Amino acid sequence: MNRQRLDARHLLCPMPVIRTQERVARLAPGEELEVLATDPGVLADIPAWCRVNGHLVLEAGPVDAAEREFRVCLRVGPNP
Amino acid sequence: MTKPAKAVALISGGLDSLLAAKVVQQQGVHVEGINFFTGFCVEGHTHAIRSKDRGRPKRNNALWVAEQLGIRLHIVEVIEEYKAIVTAPRHGYGSNLNPCLDCKGFMVGKAHEWMIEHDFDFIVTGEVVGQRPKSQRRDTMPVIARESGAGDRLLRPLCARLLPETLPEREGWVDRQLLHDFSGRSRKPQMALAAEFGFADYAQPAGGCCFLTDENYARKLGDLWQMRGERSYEFDDIMLLKVGRHLRPRPHFKLIVARDDGENNFLMGYRRQFVHLNATSHPGPLALLDGEPAAADLELAARLTARFGQGREAESVEVEIVHPGGERQLRTVRPLPAEEIPAYWYL
């Protein structure tokens, strides 16, 4: 499966969510997106955005032990 | 069988918009939410820049409301377009730099554009007659409907029975008798309705969602405009106004001094755009210098930076000054005593 990447580092929420929304709108159902961010708020906000918009969160957590970067992976739902 | 009517609801994340959307949703209308990001929104994450606020729940209230309602939420960035609303509001400002009436008209107008683009039927807001001194008065609510272009496709379910009938009511998409007649600043009717719907946990009712209503923030934005000689801003400007101590010791420069590790980390992201200073002999904050400093200004800025670090009582502190091009200089300075910092330097 093709997985695209979105660099949302150094953006404060809700900007990473907005960038995710914009990118998902250009993807097809079933495609995957990996979002990299520095605002830990993405761990709550992107999954919440996915839940209300019908996308599936595959993974959400810190990238490193220092918790300076975070990754959320999602699969696009039927109505991007 | 006819399709249910479709409404787009402005969702701020507060109680009123939650209730307004729920009232309409309960009448069988298909509701989706829309939320606008202006750059001035007060978010839990903005608070969470500060270390002392790290324990607060990191929740986007608009998304949380959408989850409670089981509706889709579309978050729309309006940073650029919103500048005209903040810098030149047709209806003026509220008690600070809050252009509430223009803001509401703008947001309803954007929702109206979205409604047309997505083939929805009407717009829902959580406005209540008499709740806000400028934007939610009986005489200003028609202004919003008119200037936004929404006209009678704008429904305010919480106070609709006090207002002229709208298209959704005339068309039978919603039953006017099931709408409400709330008015005034009391929150009791909303709280009772929330209890009726089973909403126990909701964001702070009524307001507090925009930095432009904050006196301290508005003072800093006013200072920025005064020093630039015009009302203008970039996104980074308004983000930096949310963070740190702002001191203007001279008309041509100000210092932004981090107050804790969280703010230090945040300001680090901006350091290459500014002259920045930090003590090297003692632990202390990062300070960004915004302006065109002369040599003597750098000395003063270094003394101020030393003042806010752990070397504040020391005879001397070494401060590194780094210019945007990467040029570095080290100065040994005496920290500026508190009594030599006039109150008016603090913005």
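Modeller: Helices here are DSSP runs of H or I with at least four residues, strands are runs of E with at least two, and both are numbered from the N terminus. Residues are numbered from 1 along each chain as its sequence is written, while chains are lettered from A and ligands numbered from 1 in the order in which they are written. This is a predicted model, in which local features need pLDDT of at least 70 and side-chain atom pairs count only at pLDDT 80 or more, whereas totals for chains, interfaces and linings use all residues.

Biologist: What follows just after α3(B), and with what phi?

Modeller: G70(B) does, with a positive phi of about 70°.

Biologist: Why is α3 of chain B called largely enclosed?

Modeller: A residue is buried if 20 or more other C-beta atoms lie within 10 Å of its own, exposed if 12 or fewer, and partly exposed in between, with C-beta atoms placed from the backbone. In α3 (residues 61-69) of chain B, 7 of the 9 residues are buried, so the helix is largely enclosed by the rest of the structure. The buried ones are N61(B), A62(B), L63(B), W64(B), V65(B), A66(B) and L69(B).

Biologist: What makes up the contact between chain A and chain B?

Modeller: Two residues are in contact if their C-beta atoms, placed from the backbone, lie within 7 Å. Chain A contributes 17 residues and chain B contributes 18 residues. On the side of chain A that touches chain B, α1 (15-24) and α2 (42-53) are the elements giving two or more residues. α2(A) gives the most, with 7 residues.

Biologist: How do the residues of that side of chain A divide into nonpolar, polar and charged?

Modeller: Ala, Val, Leu, Ile, Met, Phe, Trp, Tyr, Cys and Pro count as nonpolar, Asp, Glu, Lys and Arg as charged, and the others, Gly among them, as polar. On that basis the side of chain A that touches chain B has 10 nonpolar, 4 polar and 3 charged residues.

Biologist: Why is D119(B) called exposed?

Modeller: D119(B) has 7 other C-beta atoms within 10 Å, and the term applies at 12 or fewer, so D119(B) is exposed. Its place is the loop between α5 (100-117) and β4 (122-124) of chain B. Phi of D119(B) is positive, near 60°, in a residue other than glycine.

Biologist: Which residues have the most contacts inside the largest nonpolar core?

Modeller: A nonpolar core is a set of buried Ala, Val, Leu, Ile, Met, Phe, Trp, Tyr and Cys residues joined through C-beta atoms within 7 Å. The largest has 115 residues, and A7(B), A21(B) and I123(B) have the most contacts inside it. α5(B) gives the most to this core, with 8 residues. Not counting residues up to four places away in sequence, A21(B) touches A9(B), I11(B), V31(B), G33(B), L69(B), I71(B) and V124(B).

Biologist: What is the mean pLDDT of chain B?

Modeller: pLDDT is the predictor's confidence in each residue, from 0 to 100. The mean for chain B is 92, and 93% of its residues reach 70 or more. The model scores ipTM 0.92 and pTM 0.89.
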